[in-house]
Amino acid sequence: MPQRFEGQVMLITGAAQGIGQRVAERAAEEGAILALVDRSPLVHELRERLSALTKVIAVETDLETFEGAQRAAQETYLAFRRIDVLVNNVGGTIWTKPFEHYEPHEVEAEVRRSLFPTLWGCRAVLPYMLKKKKGAIVNVSSIATRSVNRVPYGAAKGGVNALTACLAFENGERGIRINAVAPGGTEAPPRRIPRNSAKPSKKDQAWYQQIVDQTVGSTLMKRYGTLDEQASAILFLASDEASYITGSVLPVGGGDQG
């Protein structure tokens with residue numbers, strides 16, 4: 001691959017596992033200087049591995065709070081004196097069930113997990129990008145804005161789509177591009193730290209299977225995607241190859257538009 005990010009500083013949230021980890025690995029191969037952010041200590045393992053390829057720091061912080069996002073931005077800027085690219089990747093369904101079975105605290109937890117890290121991440125990083133009047137933000141949304149058994153998660157990701165569009169309107173003439181990728185179902189290794197540690201009941205398993213069936217059934221390709229297929233779309237929108245694209249949500253779901 002060309003060195004699309006040579007010398008650029010890329011802050012990636014949710015970098016310890018899954019899509020975020022693959023984006024970090026690919027970005028390092030393409031010359032990016034990395035700030036890897038996660039609330040899991042696993043992020044330090046990735047930093048050690050990628051330090052053979054590039055300059056890299058790891059920040060362990062809670063991105064569900066503005067203070068956590070602000071700390072990530074500040075530590076990145078102090079280390080590298082610039083932030084060129086932000087990939088907001090934190091989020092993910094905690095529970096999977098019909099909406100009437102969600103408890104109020106579960107609804108609030110889903111929104112905190114899958115909306116606020118992106119909202120706070122943009123708020124924390126934008127001032128640094130505006131100083132040099134250039135930057136790219138890629139928010140990771142989801143095609144689950146139209147799906148079953150994930151209403152709070154879908155609502156949060158709908159919010160990600162909306163904030164992407166609004167921020168693009170505000171910043172298009174100020175040199176900052178803001179886009180989103182909406183992944184569909186994606187094959188990934190088992191999470192080393194699960195989003196929900198409770199053992200699923202038979203009913204829980206049946207509800208989750210409905211998501212799997214609906215996800216595959218809604219795609220034109222009738223399969224899940226790969227981590228590389230998601231990372232490729234994210235890195236395209238982050239790169240100068242997408243220099244005339246802003247305010248867009250790119251579905252990467254095998255033809256499922258979300």
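This is a predicted model: local features need pLDDT of at least 70, side-chain atom pairs count only at pLDDT 80 or more; totals for chains, interfaces and linings use all residues.

Residues are numbered from 1 along each chain as its sequence is written, and side-chain values use heavy atoms, with hydrogens and water left out.

**The sheet and its helices**

Helices (H or I, at least four residues) and strands (E, at least two) are DSSP runs numbered from the N terminus, and two strands pair if DSSP finds at least two bridges between them. Seven strands form an open sheet in the order β3-β2-β1-β4-β5-β6-β7, with parallel pairing. Because β3 (56-60) and β7 (249-252) stand at the edges with a single partner strand each, one side of each is left without a neighbour in the sheet. On average, direction ignored, neighbouring strands of this sheet are turned by 15 degrees against each other; angles run from 0 to 180 degrees between N-to-C directions, and axes are lines fitted to C-alpha atoms, for helices over the stretch in contact. Strand β2 (residues 33-38) runs parallel to β3 and is joined to it by five bridges, and Asp38 has Glu60 in β3 as its bridge partner.

Helix α6 (residues 151-171) packs on the sheet, where it touches β5 (135-140), β6 (176-183) and β7, and its direction makes about 160 degrees with that of β6; contact here means heavy atoms within 4.5 Å. Helix α8 (residues 227-238) lies across β1 (9-13), β4 (85-88), β5, β6 and β7, and runs at about 165 degrees to β6.

| Helix pair | Crossing angle | Axis separation |
|---|---|---|
| α3 (residues 66-80) and α5 (residues 116-132) | about 35 degrees | 8 Å |
| α4 (residues 104-114) and α6 | roughly 35 degrees | within 8 Å |

The crossing of α3 and α5 is right-handed, a term for the near helix being turned clockwise from the far one by less than a right angle. In this pair, Phe66, Ala69, Gln70, Ala73, Gln74 and Tyr77 of α3 meet Trp120, Gly121, Arg123, Ala124, Val125 and Tyr128 of α5. The contact of α3 with α5 comprises eight nonpolar, three polar and one charged residues, where Ala, Val, Leu, Ile, Met, Phe, Trp, Tyr, Cys and Pro count as nonpolar, Asp, Glu, Lys and Arg as charged, and the others, Gly among them, as polar.

Helix α4 also passes α6 in a right-handed crossing. Val107, Glu110, Val111 and Ser114 of α4 make the contact with Pro152, Tyr153, Ala156, Lys157 and Val160 of α6.

**Cavity and pocket**

On a 1 Å grid over the protein atoms alone, a cavity is a set of points where a 1.4 Å probe fits but cannot get out, a pocket is an open set with protein on both sides within 12 Å along at least five of seven lines, and lining residues have an atom within 4 Å of a point. Grid points are joined across faces, edges and corners, and a volume is the space filled by probe spheres set on the points.

The largest cavity holds about 40 Å³ of space and is lined by Leu11, Thr13, Leu63, Ala69, Ala72, Ala73, Leu86, Gly121, Ala124 and Val125. Two or more residues of this lining come from each of β1, α3 and α5.

The second largest pocket has a volume of about 170 Å³. Its lining has 13 residues, with Asp84, Lys134, Gly135, Ala136 and Asp240 nearest the centre.
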